[in-house]
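This report describes one protein model in short form. It begins with the protein as a whole and then turns to selected residues.

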Amino acid sequence: MTPNPDNAMRPARAQEFASPGLGSGSGSEHEHESAHPASDTARAFPKARGSARLAFSAGNRLRLFRSGDAYFEALVERIRAATRCVVLEVYIFSDDDAGEKVSAALVDAARRGIDVRVITDGIGTHRVLRFYDDWRAHGVRFRIFNPHLFGRFGFARTHRKIASIDETISFVGGINIVDDLENEGVRLDAPRWDFAVELIGPVASEVDAAFDLQWQRLDRNPVASSLERTLAFVRRTLTPSIEAASRASEVAFVARDNLNRRRTIEKTYLHAIGRAREEILLANPYFVPGRKLRRALVEAAERGVAVRLLIGRKEFRVLDYAVPSLYGMLMAAGAQIAEYNKTLLHGKVAVIDGNWATVGSSNLDALSLVLNHEANVVIVNDPVVSSLREAIRSAFDDSPAIDPQRYAARPLPVRFVNWFTYNAYRLAMKMLTIGEYD
């Protein structure tokens, strides 16, 4: 049975498995080079509440993938063309056709003498995954993040979906290594609605560095690992941070962990939403944002920004009942909400004012924003942003909209269920995150 791509509590202690001895794919949606200057719109953004100082880089080439099949094809091709190293960190690595293809590429690379390392999650991925034996036998080194529900890293999970090849080509997004048409043993009517981005250029080294830091965290030697993490932190703090609107940079990699980057992704959203002037398009399957994000969306709608929220359903049933509790305050401010029903919405994406976008693994819930290790990429002033905007708008327009009048006329029992499940979720998340989720 294929596990649900996000439906798990994400707890930790790590295990390493090593054995002796030791890329452009078809199906892509768009490819562009991000080297042109920042647009006037970006420069004109008003100052927002909070700070989101990110290290942007120019001169990157981007490709947007709208499905797992296209993404897997490109990933496998890049792995097979690797000349030095391959790293992959993923929440779910399934024992299915998709997993078979990616695993075979990893094994072939290791046989060629390429340094291949993989991190999987102890809950998202089966702990006795069939491919582990092949990896051990052929020199693919791998470690498991938090093999148990609770361990060395508390309840945290690695929910990232990143890969890097030769430190020059990277992938970031929301797509797990899992069959696009299967969810927990049930065949879907259509492929998951999901996205990933290929990044070729300077930003790829940031993705590779994030993997290295995670690999060091999982080292069995805690003293050496602690020293490496400290040195990595010092190097990062010495790296200048730059806001996108201040220069011609266009791509930034954003990772969250439970050390010095606890609120990075949330602050990135807050910063962009606070600067929005015209439009906010946001799609997410787990939409239970904290107080600050809720307030930011309400304030944006109240100042005349067209706020459109595309919500996923039928992946985590409790949220199907809890999330509607938030609709009233958002629609009262002028936000429009639609619920996607064509297939499973798994993409975690947003486009703001047509020139800012984010693609990644982070849901907008307590687990992703406060507890789990996540990875997103922020894209500014690149044609890929337009492609993503078109995809979100198309899905929004093709989904049932929430009618404010019908919402207000919900029967009392339905209102109570919405209220109860939402507040029960909040209480559970407050306890799980030790009060950090608001």
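## Surface and fold

The protein exposes about 17200 Å², and carbon and sulfur atoms supply 54% of this area. Accessible areas come from the Shrake-Rupley method with a 1.4 Å probe, and for residues only the protein chains shown count as cover. The model is predicted: local features need pLDDT of at least 70, side-chain atom pairs count only at pLDDT 80 or more, and totals for chains, interfaces and linings use all residues. Residues are numbered from 1 along each chain as its sequence is written, and side-chain values use heavy atoms, with hydrogens and water left out.

The secondary structure comes to 14 helices and 18 strands. Helices (H or I, at least four residues) and strands (E, at least two) are DSSP runs, numbered from the N terminus. Of the 438 residues, 59% count as buried. Buried means under 20% relative accessible area, exposed over 50%, and partly exposed in between.

## Two residues

| Residue | Place | Relative accessibility |

Leaving aside neighbours within four places in sequence, T158 is in contact (heavy atoms within 4.5 Å) with E89, Y91, I119, T120, D121, F145, Q214 and H373. T158 and I123 lie 35 residues apart in sequence and 9.4 Å apart in space, C-alpha to C-alpha.

Technical notes. Buried means under 20% relative accessible area, exposed over 50%, partly exposed in between (1.4 Å probe, protein chains only).
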